[in-house]
Every structure is written in structure tokens, then in C-alpha cells.
Amino acid sequence: MNGFFLNGPEAFGSWDFDQASPFEQIRILEQAPDSELLSLAISRLVSDFPMLAGIQIAQAWGGVIDTAPDMVPVISKLPDLEGVIISSGFSGHGFALGPGAGRLTSELAMDETPFVDIEPYRLERFSSGSKIRRPEMM
């Protein structure tokens with residue numbers, strides 16, 4: 001872990017509340033699309049489907065995927081700031097995890113009993129001395 005997750009602009013409390021936050025200063029983290037990768041994708045697509053010869057990319061976008069150091073999302077209340085819940089770090093699997101994550105986040109917000117054990121999703125796992133699981137997905 002390079003420390004950016006805990007100390008970068010995403011680290012909660014790294015700015016004064018009466019000043020613009022890093023999120024207000026940098027609203028989107030867009031990266032330039034990888035034209036080499038796009039060309040490779042088109043050539044492989046045409047190789048598998050020759051009838052698509054001449055196909056062109058109309059638009060491309062590059063972005064940043066939010067990840068946690070252990071590749072497990074953080075779905076957690078912030079103990080020092082009442083009413084704030086983090087639901088982030090889905091490692092590109094947000095669409096698949098969305099329904100369960102949304103339910104868990106809403107249950108935390110409503111102070112309801114969570115439908116799953118929240119231990120693996122706690123933000124404090126990175127600072128409490130807990131053993132961090134080795135990422136297994138990527």
C-alpha cells in the first residue's frame with residue numbers, strides 16, 4: 001500500500017471544513033484513454049468477427065477505479081463524524097455489488113441491524129491492527 005488511500009485527498013479530514021475540499025477542487029479523476037489498448041481491442045474484435053472490418057471507435061473514456069488496499073469495499077460509519085458513512089472501494093465491481101452494498105449502507109444510515117456481518121467492511125481495519133486479507137481478485 002502506498003499510503004495514498006489513507007493519506008491522500010481521499011483521507012477524510014485532510015482539509016479544513018471551512019475550505020474547499022479536494023473533491024470540490026478536482027471533481028473527476030479522468031485519465032486519457034489508452035489508444036494503444038483501444039487499437040488492440042479493435043484488431044482482436046475484427047479478428048474474431050471479420051464482418052466488423054472498418055469499425056471505428058466513436059468515443060472513448062478513461063477513468064480511475066476506486067480500490068481498497070485489500071480489494072474489499074469499505075462500507076462503514078465514520079466513528080468521529082456522526083452521520084457520515086463511507087461506501088467506496090468497490091474495485092470496479094460496483095455494479096455487481098451495488099444491490100447488497102446499497103442495502104448495507106442504508107441499514108447503517110437507518111441504524112438498523114445489518115443483514116450481513118459488517119466486520120470485513122469496516123474502515124478501521126486499516127488502522128486497528130487487524131490482519132488485512134491478501135487481495136485475491138486481481
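Analyst: Happy to! Contact, or touching, means that heavy atoms lie within 4.5 Å. What you see is a predicted model, in which local features need pLDDT of at least 70 and side-chain atom pairs count only at pLDDT 80 or more, while totals for chains, interfaces and linings use all residues. Residues are numbered from 1 along each chain as its sequence is written, and side-chain values use heavy atoms, with hydrogens and water left out.

User: Is Gly 92 buried or exposed?

Analyst: We compare its relative accessible area with the cut-offs: buried means under 20%, exposed over 50%, and partly exposed in between (1.4 Å probe, protein chains only). Gly 92 has a relative accessible area of 56%, so it counts as exposed.

User: What share of the 138 residues in the protein chain is buried?

Analyst: The contacts give some background: among those between residues at least 6 apart in sequence, 52% join residues at least 24 apart. As for burial in the chain of 138 residues, the buried share is 20%.

User: How far apart are the end C-alpha atoms of helix H3?

Analyst: The expected span of a helix is 1.5 Å times one less than its number of residues. Helix H3 (residues 35-48) has 14 residues, so it should span 20 Å. The model agrees with this, since its end C-alpha atoms are apart by 20 Å.

User: Which residue makes a salt bridge with Arg 125?

Analyst: A salt bridge is a side-chain nitrogen of Lys or Arg within 4 Å of a carboxyl oxygen of Asp or Glu, and the whole structure holds 4 of them. For Arg 125, the N to O distance is 2.8 Å, and the partner is Asp 70.

User: How many residues apart are Asp 70 and Arg 125?

Analyst: Asp 70 and Arg 125 meet in that salt bridge. The pair links distant parts of the chain, with Asp 70 in the loop between strand E2 (62-63) and strand E3 (74-77) and Arg 125 in the segment after H4; they are apart by 55 residues.

User: Which residue has the backbone oxygen that the side chain of Arg 125 reaches?

Analyst: Arg 125 has 5% relative accessibility, so it counts as buried. A polar contact is a pair of N or O atoms within 3.5 Å; within protein, one must be able to donate a hydrogen and the other to accept it, and residues adjacent in sequence count only if both atoms are side-chain atoms. The side chain of Arg 125 comes to 3.1 Å from the backbone oxygen of Pro 120.

User: Which residue forms a salt bridge with Asp 111?

Analyst: Asp 111 is exposed, because its relative accessible area is 62%. Its closest N and O atoms in the salt bridge are 2.4 Å apart, and the partner is Lys 77. Asp 111 lies in the segment after H4 and its partner in strand E3, so the bridge ties together parts 34 residues apart in sequence, from Asp 111 to Lys 77.

User: Which residue has the ring whose face Arg 103 lies over?

Analyst: Arg 103 also forms a salt bridge with Glu 107 at 2.9 Å, and both lie in helix H4, about one turn apart. A charge sits over a ring if NZ of Lys or CZ of Arg is within 6 Å of the ring centre and within 35 degrees of the ring normal. Arg 103 is 4.1 Å from the ring centre of Phe 115.

User: Which residue has the backbone nitrogen reached by the side chain of Ser 76?

Analyst: Ser 76 lies in strand E3 and has 6% relative accessibility, so it counts as buried. Its contacts beyond four places in sequence include Tyr 121 and Glu 124. At 3.2 Å, the side chain of Ser 76 reaches the backbone nitrogen of Leu 123.

Methods: Helices (H or I, at least four residues) and strands (E, at least two) are DSSP runs, numbered from the N terminus.
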